[in-house]
Amino acid sequence: MSVRKSDRGKERDEKGLLIGGLIVAGLILFFFIFRIDGYSVNGNFHATDREIIEYVMQGPFSYNTVFLAMSFNDREVDDPFIERISVDMKNTHTIEVRVAEKKMIGSVFYNGSYWYFDTKGVVRIRSDFSEADYKEHLAGKSYSEIRNASVGDTAENTENISGGLRKGNGNYIPVVTGLSFSAVSVGQPLTVLFTNVFPGLRELKKYVDEGGYEPDSVEYTLDGEMLLKFGGITVNIGSFSEIEEELYAMNNILPSLEGQSGILHMENYDGSSNRLIFSKNEKNS
């Protein structure tokens, strides 16, 4: 009788070992099959692909495509610019990382820093770097290299004056000059004199992000008029908050003015082409 019980116990042990071995083998096979060896990153404008991947792939199972796809499902991120990150499994060995950045429409240079504000004019981010700096970082420069190169520079003398028209490619955030304010702090509205400023910048961002021409600089006059510079051309958009028609008309006429120097007056534009006045600079006339 005792021999039969011993035999049954031995069978149970062997079966348990077999099941355990199959589970271990299955786990090894699972992590081997779904091991990451390729990735793509989209939507990042303030961090490199490598920095995003290093952030995502943390922890003992971070090299597994299934684990990451489950872990980063529209996950909120504690980052100045990034709001959410999602990971999709494209195949067993490849993931796609989608980055959703916070919606900023402009920045101002104040007390040695760049202060980024949202569609309502609320300051959300303080940074040592401008958008041009972030573009250089994404192109391969380290932050220390960018910082050393910008020592002694100001927002005014580091503007990118290309002299030629270029189309926007998403996430346009200009450094805006000419605005009057007494103080700036994160979480507080940027106090400006004119209510048209933020609606106008919101429309400008939408226009450029959708493939419109990107200005070299954006400035506001003491009268609240928006001035856009494209090389030698200055476009006076005026003080409108709803500027879709002005930007559309400007988009059509700018190519014919490329290479010239002067002011395109649109502050009194009413939809009629005969109200578009271009004043050439005397030295180029």
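Predicted model: local features only at pLDDT ≥ 70, side-chain atom pairs only at ≥ 80, totals over all residues.
Residues are numbered from 1 along each chain as its sequence is written. Local features need pLDDT of at least 70 and side-chain atom pairs count only at pLDDT 80 or more, while totals for chains, interfaces and linings use all residues; side-chain values use heavy atoms, with hydrogens and water left out.

The chain has seven helices and 13 strands, where helices (H or I, at least four residues) and strands (E, at least two) are DSSP runs, numbered from the N terminus. Of its 285 residues, 38% are buried; buried means under 20% relative accessible area, exposed over 50%, and partly exposed in between (1.4 Å probe, protein chains only). Contact means heavy atoms within 4.5 Å. Among contacts between residues at least 6 apart in sequence, 52% join residues at least 24 apart.

After helix 4 comes Gly 140, with a positive phi near 130°.

Two single residues come next. Glu 203, in helix 6 (residues 197-209), counts as buried because its relative accessible area is 14%. Leaving out residues up to four places away in sequence, Glu 203 touches Ser 241, Glu 242, Ile 243, Glu 244 and Leu 247. Thr 234 sits in strand 11 (residues 233-238) and is buried, at 16% relative accessibility. Beyond its neighbours within four places in sequence, Thr 234 is in contact with Leu 227, Leu 228, Lys 229, Gly 262, Ile 263 and Leu 264.

Finally, there is the second largest pocket, with a volume of about 220 Å³. On a 1 Å grid over the protein atoms alone, a pocket is an open set of points where a 1.4 Å probe fits, with protein on both sides within 12 Å along at least five of seven lines; lining residues have an atom within 4 Å of a point. The volume is the space filled by probe spheres set on the points, which are joined across faces, edges and corners. Of the 13 lining residues, Asp 79, Pro 80, Phe 81, Tyr 134 and Tyr 143 are the closest to the centre. Strand 7 (residues 123-127) gives the most to the lining, with three residues.
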